[in-house]
Amino acid sequence: MIAALAKTAVEEIAWEGPPGISWSHLLATLEQHGEQIDCPGRAALWRELCSKPEVFVRGVKGARAQKQVAEPPEDNGKILLDISENVRSHFLMLDAHPDIVENELSRKALQFVAKSRAKGCTGASISAQLGVSCRDLFYVLEALRTAGLLVGVMPLLMNKEAREAKEAREATCLFGSAL
């Protein structure tokens, strides 16, 4: 059970992206996905993650902490769990797409969508977050979609939202991770 939970936790760390994820945020994310973890389970998960060579513990300023932290940290958000870029690329399915790995904007866009998980995000929100125009981002998102890393989804709008969208004559497309 702990090994499977640790694998899920490493995936969550990968999808969160740099600079990593705090212990409390990781636990909250796991619980959102239906994992119920009691205090002994949290301690066992912490030890399992700290024993993995691909997971490292560091402070928010970037300095690596001692791997020998036996107990989970206090919930102060000053200690982050992170993984190497190679492991992150593997979980983002970028191993087969070296051209995407080399393009920083593509990588950031994919990381932003992966961070939103199943909720997805609009092209406009990705554009705003990354500070690029929608026009420039279109080709990046289209390349990610063509590579099978993103899925374009037309959202079902509620009645009020449908009227507003119809009045504005604006179509919205959500992008979700294919991960």
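The legends below describe close-up views of a predicted model.

**Figure 1. Overall make-up of the predicted protein chain.** The secondary structure of the chain comes to 9 helices and 6 strands. Of its 179 residues, 37% are buried. Among contacts in the chain with a separation of 6 or more, 59% are between residues 24 or more positions apart.

**Figure 2. The aromatic pair of Trp 23 and Trp 46.** A search of the whole structure returns 2 aromatic pairs, and one of them joins Trp 23 and Trp 46 in an edge-to-face arrangement, with 5.0 Å from centre to centre and 80 degrees between the planes. Trp 23 belongs to helix α2 (residues 23–32) and Trp 46 to helix α3 (residues 39–51), so this pair ties together parts that are 23 residues apart in sequence. Both Trp 23 and Trp 46 are buried. When residues up to four places away in sequence are not counted, Trp 23 touches Arg 42, Leu 45, Trp 46, Leu 49, Pro 72, Pro 73, Ile 79 and Leu 81.

**Figure 3. The aromatic pair of Phe 138 and Tyr 139.** The ring centres of Phe 138 and Tyr 139 are 5.2 Å apart and their planes stand at 80 degrees, so this pair is edge-to-face; planes over 60 degrees apart count as such. Phe 138 is partly exposed, its relative accessible area being 47%, whereas Tyr 139 is exposed, with a relative accessible area of 60%.

**Figure 4. The largest nonpolar core.** This core has 38 residues, and those with the most contacts inside it are Trp 23, Leu 26, Leu 45, Leu 49, Leu 81 and Leu 144. Two or more residues are given to the core by each of α1 (2–16), α2, α3, β2 (55–59), β3 (79–83), α4 (85–91), α6 (104–116) and α8 (134–146). The element that gives the most is α1, with 7 residues.

**Figure 5. Helix α3 and its packing.** With 13 residues at 1.5 Å a residue, α3 should span 18 Å, and its end C-alpha atoms are 19 Å apart, which agrees. The buried residues of this helix are Gly 41, Ala 43, Leu 45, Trp 46, Leu 49 and Cys 50, and the elements against which the buried residues of α3 pack are α1, α2, β2 and β3. At the start of α3, the backbone nitrogen of Gly 41 has a side-chain oxygen of Asp 38 within 2.9 Å.

**Figure 6. Ser 22 and the backbone of His 25.** Ser 22 lies in strand β1 (residues 21–22) and counts as buried, at 13% relative accessibility. A polar atom of the Ser 22 side chain lies 3.2 Å from the backbone nitrogen of His 25.

**Figure 7. The salt bridge between Glu 16 and Lys 115.** The structure holds 10 salt bridges, including one between Glu 16 and Lys 115, whose closest N and O atoms are 3.9 Å apart; the cut-off for a salt bridge is 4 Å. Since Glu 16 is part of helix α1 and Lys 115 is part of helix α6, the pair ties together parts that are 99 residues apart in sequence.

**Figure 8. The salt bridge between Glu 142 and Arg 145.** The closest N and O atoms of Glu 142 and Arg 145 are 2.4 Å apart in this salt bridge.

**Figure 9. A salt-bridge network around Asp 82 and Arg 88.** Through salt bridges that share partners, Arg 58, Asp 82, Glu 85, Arg 88 and Arg 107 are joined into one network. Within it, Asp 82 forms a salt bridge with Arg 88, where the closest N and O atoms are 2.5 Å apart. Asp 82 counts as buried, at 5% relative accessibility, and Arg 88 counts as buried as well, at 0% relative accessibility.

Conventions
Residues numbered from 1 in each chain as written. Predicted model: local features only at pLDDT ≥ 70, side-chain atom pairs only at ≥ 80, totals over all residues. Heavy atoms only, no water. Phe/Tyr/Trp six-rings, centres within 6.5 Å; stacked < 30°, edge-to-face > 60°. Helix = DSSP H or I, 4+ residues; strand = E, 2+ residues; numbered from the N terminus. Buried < 20%, exposed > 50% of the residue type's maximum accessible area, 1.4 Å probe, protein only. Core = buried A, V, L, I, M, F, W, Y, C linked by side-chain atoms within 4.5 Å. Contact = heavy atoms within 4.5 Å. Salt bridge = Lys/Arg side-chain N within 4 Å of Asp/Glu carboxyl O. Expected span 1.5 Å × (residues − 1). Polar contact = N/O pair within 3.5 Å; in protein donor to acceptor, adjacent residues only side chain to side chain.
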